[in-house]
Amino acid sequence: MAFKHFLPLLLLSLLIADCTSRPLYSLPSTTKVGTKKPLQTSRAFNVAHRGSNGEFPEETAPAYMRAIEEGADFIESDVLSTKDGVLICHHDVNLDDTTDVADHKEFANRKRTYEVQGVNMTGFFTVDFTLAELKTLGAKQRYPFRDQQYNGKFPIITFDEYISIALDAPRVVGIYPEIKNPVFINQRVKWANGLKFEDKIVETLEKYGYKGSYLSESWKKQPIFIQSFAATSLVYISKLTDSPKVFLIDDVTIITEDTNKTYAEITSDAYLDYIKPYVVGIGPWKDTIVPVNNNRLMTPTDLVARAHSRNLQVHPYTYRNENQFLHVGFHQDAYLEYDYWINKIGVDGLFTDFTGSLHNYQELASPLPKSQ
């Protein structure tokens, strides 16, 4: 076994042996940034969507560690809150699909029904558990056709732990946190002194030194994009931090949780003009850029061109290697999909569940200069 792969696997074995120990990482990092290989900025960003979650349960420490090992430029996370106001990394406000909460009989009375983004949802919610309680749960793989051997072995991690994984990487690795379901979280969780969910996220980022506009010297040392589907949250935090922000865009028929507009309205020229002063880019669902019919790509929209004309980057989601996610025409070849989106559509970053495959494609198609 090559030594360069030994340390990550050793750490992984320690995590499996004692997945409830805290903290998983020294906080903050003691590694000097100046000694690290810098972030590449010459080709499309490789964004590890919830970590390397094609291999490990999403948003767990091993998923993020593996993504860094495989070459991710950024590790992406969804930020939510516990009942006691601790920021955690978890995609769904509901715990049912990606944890073993249903196996914990001690929590059987925690099932609730809440309205989330205009829809009634029943299950177990992060806002009804303290951090200590959530740490007793084990994460599990979302998709049944992916590797199930790690189910229950890793805990939910805190936002602080996620940041530390990036800061402790052997090279400069950016973070890409999402302000997740801010309307719901602000309704259910209250912090001292009237602080909001968005305030707590920015407060945590500032604690670890994240600051500076896109490509500034401060940003290059600790790269970050702050993302949200809620435009009001991005506008709000623009008064608190100059770190670059990305506005996420869902299917054009869906209603936004904070403005009661459809994403069809959100992608209009007028709205792009409105949001431009607050963000450096947009993160659309890829089918919003290139519509799909019967698993076949249709004529691309002009969304990328209109964004680029406003000097906005475009980081679509989500790229997945499995055949059921690859459209007809890519011949079950993820490299062909990457080539289409990078070289024909012209995107500036890609959210992928399989960091390694995107990195390998880019190393073949557009290898970095040796200085990088």
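Predicted model: local features only at pLDDT ≥ 70, side-chain atom pairs only at ≥ 80, totals over all residues.
Close-up A. D353 lies in the loop between β14 (349–352) and α14, while R320 lies in the loop between β13 and α13, so the pair ties together parts that are 33 residues apart in sequence.

**Close-up B. D273 and R310 meet in a salt bridge.** The distance from N to O in this pair is 2.6 Å. The two residues come from distant parts of the chain, with D273 in helix α10 (residues 269–275) and R310 in the loop between α12 (303–308) and β13 (313–314), 37 residues apart. With a relative accessible area of 45%, D273 is partly exposed, whereas R310, at 13%, is buried. Both residues also belong to a network of salt bridges that links D269, D273, D302, R306 and R310.

**Close-up C. R66 pairs with E55 in a salt bridge.** The closest N and O atoms of the two side chains are 3.0 Å apart. Because R66 lies in helix α2 (residues 61–70) and E55 in the loop between β1 (45–48) and α2, the pair ties together parts that are 11 residues apart in sequence. R66 counts as partly exposed, with a relative accessibility of 26%, and E55, with 22%, also counts as partly exposed. A search of the whole structure finds 22 salt bridges, and the pair of R66 and E55 is one of them.

**Close-up D. Helix α13 crosses helix α14.** The axes of α13 (residues 334–345) and α14 (residues 355–365) come within 10 Å and cross at roughly 65°, and the two helices are therefore roughly perpendicular to each other. The crossing in which α13 passes α14 is right-handed. On the side of α13 the contact is made by Y335, Y338, D339, I342 and N343, and on the side of α14 by S357, L358, N360, Y361, Q362 and L364.

Methods:
Residues numbered from 1 in each chain as written. Heavy atoms only, no water. Axes fitted to C-alpha atoms, helices over the stretch in contact; angles between N-to-C directions. Helix = DSSP H or I, 4+ residues; strand = E, 2+ residues; numbered from the N terminus. Parallel < 35°, antiparallel > 145°, perpendicular 65-115°, else oblique. Left-handed = near helix turned anticlockwise from the far one by under 90°. Contact = heavy atoms within 4.5 Å. Salt bridge = Lys/Arg side-chain N within 4 Å of Asp/Glu carboxyl O. Buried < 20%, exposed > 50% of the residue type's maximum accessible area, 1.4 Å probe, protein only.
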